[in-house]
Amino acid sequence: MTGPTASTKDSTEIRLPKTLGVLEALALSEQLAGLPPAGTYAFNFGDWTFGNPFGLLVASDAIDRFRNNRPRARFRATGYEHCGYAGHMGFFRRFGMPFGKAPGEAAGSDTYLPIDVIDCEHLRQQAADAYSEVGEFIDEWSKRVAALLLQTDAGALFDTVQYALREVVRNVIEHSESASFGYCGQYWPSKNRVQIALVDRGVGLKKTLAANPRLAVESDRDAIQMALMPGVSRRGVLPESRAAYDPWANSGFGLYMTSRLCGGGGSFVLLSGSAAVELTHSVKHLHN
C-alpha cells in the first residue's frame, strides 16, 4: 500500500504510494504511528499520482499529527511539484508545508469541495448568534454544503449527502469533544457519485461509548462495531423503532442510518483509534 520506508542512522524516508485511497490512507497512518524516532523525516511524493477526498484528508491529518508528536524532528519533502491537484485542495498546507492553497482558501467548484477546517466552538457561537439550536444550524450548514457540491438542493442524492453530513457533524459536535473538524468532497456527475470525507481529533468512540454502563467496550474494534448498531450511544441503548427517523431525537441512530444509506448504494468508512470498518451493500471489512 504505502511505499517502502528507508532509514539511515538519523534520517527516515517515507515514500507515499502511487494513489491515496481508503486502504492506502489507513496504511500510511498506521505506518507513521509505528515509525521509530529520527532526527529527520523525508516525505517522498515522487510516485504519487492521485488522491481521492478520503485519502487526501486522512493522510494530511495523519502527517500533521505525526509532525506535532515529534516537535524536535526536522521534516522535508521531495517530488511534490507535480501534485497540483492535491496542493489546490489544501493537502500540503494542512500539515504545514508551504505548497498550494491553505485549507479553506480555494473557492471550490460545482464538482469539488477543497479541504476546510471548522472550529467547533466558532460553529456553536454562530448558532447562538443566529438564535438557533446547534442541531438546526448544522442542518442548514449541511444543506448549503451539499447544494454547493451537487449544484442542486433536491433529489435522492442530495437528501443522502445532506443527511450524512448533518449526522456526522452532529456526532462530532455532541460527542467527540474535538476542537475542530476537517472535511472535503468530490462529485463525479457522469457517474452520479459523490465522496465526502470528515475527520476530527476527538476522544474516540471507545471512550465515548465507555460512558454507557450497559456496553462492554474493550477495544477500538468493539467500539466501532457498536457505534454502527441502531440505538447505541453513550447515553443508552434504544429500540430501533424509537425515533429512528426523527432528526432531533435520534441519539444512537445517526451513524447507523448514515452507514446504511451510504453503504446501500456505495460505501461507508468509519475510523476510530486503531480500528476501521468499511461497509458496502454486500461486504463488511474490518481493519485493525
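**Exercise 1. Are Phe91 and Phe92 buried or exposed?**

Solution. Remember as you work that this is a predicted model. Start with the cut-off: a residue is buried if its relative accessible area is under 20%. Phe91 is buried, and Phe92 is buried as well.

**Exercise 2. Classify the ring pair formed by Phe66 and Phe75.**

Solution. Let us go step by step.

- Step 1: A pair of aromatic rings is described by two things, the distance of the centres and the angle of the planes.
- Step 2: Rings pair if their centres lie within 6.5 Å, and planes over 60 degrees apart count as edge-to-face.
- Step 3: The model has 18 aromatic pairs by this rule. In the pair Phe66 and Phe75, the ring centres are 5.9 Å apart and the planes stand at 85 degrees, so the pair is edge-to-face.
- Step 4: Now try Phe91 and Phe92. Their centres are 4.9 Å apart with the planes at 85 degrees, so this pair is edge-to-face.
- Step 5: Ring pairs also link Phe91 and Phe92 into a cluster with Phe45, Trp48, Tyr80, Phe95 and Phe99.

**Exercise 3. Describe the open sheet of 3 strands and find its edges.**

Solution. Trace the strands in turn.

- Step 1: Strands of a sheet pair through backbone hydrogen bonds, either parallel or antiparallel.
- Step 2: Here the order is 7-8-9 and the pairing is antiparallel.
- Step 3: Strand 7 (112-119) and strand 9 (193-200) each have a single partner strand, so each is an edge with one side left without a neighbour in the sheet.
- Step 4: From one strand to the next, the twist averages 10 degrees.
- Step 5: Strand 7 pairs with strand 8 (residues 180-188) over 6 bridges, in the antiparallel sense. Check this pairing on screen: Ile118 stands opposite Phe181 in strand 8.

**Exercise 4. Which strands does helix 2 lie across?**

Solution. Helix 2 (residues 53-68) lies across strand 7, strand 8 and strand 9, and runs at about 15 degrees to strand 9. Helix 6 (residues 134-150) also lies across strand 7, strand 8 and strand 9, running at about 30 degrees to strand 8.

Note on methods
Residues are numbered from 1 along each chain as its sequence is written. This is a predicted model: local features need pLDDT of at least 70, side-chain atom pairs count only at pLDDT 80 or more; totals for chains, interfaces and linings use all residues. Side-chain values use heavy atoms; hydrogens and water are left out. Rings of Phe, Tyr and Trp (its six-membered ring) pair if their centres lie within 6.5 Å; planes under 30 degrees apart count as stacked, over 60 as edge-to-face and the rest as tilted. Buried means under 20% relative accessible area, exposed over 50%, partly exposed in between (1.4 Å probe, protein chains only). Two strands pair if DSSP finds at least two bridges between them. Helices (H or I, at least four residues) and strands (E, at least two) are DSSP runs, numbered from the N terminus. Axes are lines fitted to C-alpha atoms, for helices over the stretch in contact, and angles run from 0 to 180 degrees between N-to-C directions. Contact means heavy atoms within 4.5 Å.
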